[in-house]
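Biologist: Please take a close look at one part of this model, the charged side chains and their pairing.

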There are 2 protein chains.
Amino acid sequence: MLVKTLEWVDNKLRLIDQTQLPERLVYLDLDDYLELAAAIKRLSVRGAPAIGVSAAYGVVLGVQGLAQADRATFDRTADTVIKTLAATRPTAVNLFWALKRMEQIVKTHEKLTPGELLPKLLAEARAIEQDDRETCGRIGTHGAVLVKSGAAILTHCNAGGLATTQYGTALAVIYQAQKEGKQVRVYADETRPLLQGARLTAWELTQAGIPVTVICDNMAAFLMQQKKIDLVIVGADRIAANGDTANKIGTYSVAVAARHHNVPFYVAAPVSTFDLNIPDGSAIPIEERAAEEIAISNGKRMVPAAAAVYNPAFDVTPAGLITAIITDQGLIERPSRETVAQKVKPA
Amino acid sequence: MLVKTLEWVDNKLRLIDQTQLPERLVYLDLDDYLELAAAIKRLSVRGAPAIGVSAAYGVVLGVQGLAQADRATFDRTADTVIKTLAATRPTAVNLFWALKRMEQIVKTHEKLTPGELLPKLLAEARAIEQDDRETCGRIGTHGAVLVKSGAAILTHCNAGGLATTQYGTALAVIYQAQKEGKQVRVYADETRPLLQGARLTAWELTQAGIPVTVICDNMAAFLMQQKKIDLVIVGADRIAANGDTANKIGTYSVAVAARHHNVPFYVAAPVSTFDLNIPDGSAIPIEERAAEEIAISNGKRMVPAAAAVYNPAFDVTPAGLITAIITDQGLIERPSRETVAQKVKPA
């Protein structure tokens, strides 16, 4: 039974505080959109799809006190809330995509009063959540055909239930393979600096009874050299029109190693992760995060203060290194401008 | 001015406790070889050459109380001390090489009394230390010709002064380039799990006034993709007769990425790091260390207890990925059985 990453309960957004895992399973009950914005920024909720769904509910949090307000005040506030949530993280496109869906509801129903509009906004957020759940299920089904029983799968970061509302993207494939009776084993890159692989992927896989071994990121190539990895599956934060894929920093390194060892390298993501406005990966904005995430570990300084630190949060894997993208609409094999265009239609 | 990693003072071995850097510069004064064995095991002193020199002094520590003993007792003790020190770590060959030199002194002077033999053992340990210092200097000189002014150099783990008696192997090249007036910048892989790059390399380079930027290991390929790395220099723990090189885990991953991006990849090591008894890398024993090094970070558990952890401490980079090995006897370009045999003679 998979834990719910987020849930709308009593007009609040309940989230697992992912910064506390695996030590403690703590839920946050948020009723203020600014608290949610802060939670997204500090990665209490993270993973491109989960950020999108949370932000949609965040719009509801930001305006639900305005049922009696005049429509101009409501619209102004909704605009501020959407802009604030959009500014939390720059790379994952699902955030902007979900906020756009919410904005569309506000714009489409221009004649309604705030009291009439609010249920429609909540319904849209619920629909985004429901879509995500179904989307992940379809990714699992499409991807599981690639997994043979006995396979050892390497994954990086957390593209699991915790990165979505429930099933995950990369891990949805693994959960589905397990459901189909296949034996699978997972190697999880710990994923420096914030250890989403060690903390989150290992946690949710052990909860699901799937054998998982945590390794340091720098060991992945060595395992491939020893022929211990049959395939790689990772998630995505934004995919350009030509298939170039932004994902957690370190993904590119795994892709290069996979190519060197002829190990298939799969990206699992909903079609909503494609940003067709971006022709290739060079135009995807890469978030740079605070040096302290690397320099300080559980309160202790591990890098001398006089040294510089560079902390990009994502990298871009060129489409040419990707065997296939596993989407909710099926596989995109040998991703390119042409093969992407066949599956992913402009919104 | 470079700090001394180790020094023989008042019949004791004074070592920097490298587990405490960069927070504190703490020296250990060891007068018991068992304390030294424990210090090697927990990596208070680490780096192939530094381990070799320390172990040589460790033999002196183990027998210096036996000046009045009979020769049979002395020899038996020396044998135990050497075996104990040899059992501390399996991969770095310098440990065995240095202990063999000490053992040779005991065997060669079979007619001497313990009181006569002791000064010869101390002299041999001092000679091993002096050799290391000169060797590192020559590595620096031979390697610096490969470094252009303005170069950005990536290194992994710590193959610096702290890994030797004073100058280092990979970092000796960088110190020499600086001495020759070249501008150099270093990217230091933090080097999980024990962060020798973040803690030690960054520390000694800032001490030496060389600009250093710490990155997570999983960022190195991304930096190469962005053309931010001109060359890679790493150390070595053992080199097989065909040039296959065992070094800190993660080195192989960097070598694969360097090849993918056409970035020159250099190994810097004294000829004493070659083990001509080992035909290729597959026969080099790889130390596996405790899961806790990965699972627990500054006292806090980062991997759920139900998950497995795999912690190999070294990997092997095939000679084919190495542009050249920088030795104290000059460069071995395109290392192979033939090119290695031209420079490295059997002992």
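Biologist: Are both B:Glu287 and B:Arg289 buried or exposed?

Modeller: This is a predicted model, in which local features need pLDDT of at least 70 and side-chain atom pairs count only at pLDDT 80 or more, while totals for chains, interfaces and linings use all residues. Residues are numbered from 1 along each chain as its sequence is written, chains are lettered from A and ligands numbered from 1 in the order in which they are written, and side-chain values use heavy atoms, without hydrogens and water.

Both B:Glu287 and B:Arg289 are buried, where buried means under 20% relative accessible area, exposed over 50% and partly exposed in between (1.4 Å probe, protein chains only). B:Glu287 forms a salt bridge with B:Arg289, the closest N and O atoms being 2.9 Å apart; a salt bridge here is a side-chain nitrogen of Lys or Arg within 4 Å of a carboxyl oxygen of Asp or Glu. In chain A, salt bridges that share partners join A:Arg89, A:Glu287, A:Arg289 and A:Glu293 into one network.

A:Arg89 is also the nearest side chain of opposite charge to A:Asp237, at 6.0 Å, yet A:Asp237, although buried, has no salt bridge (Lys and Arg count as positive, Asp and Glu as negative; His and the chain ends are not counted). A:Asp237 is found in the loop between β7 (231-234) and β8 (238-240) of chain A, strands being DSSP runs of E, at least two residues, and helices runs of H or I, at least four, numbered from the N terminus. In strand β8, A:Arg238 is paired with A:Asp275 of strand β11, 37 residues apart, through a salt bridge of 2.8 Å, N to O.
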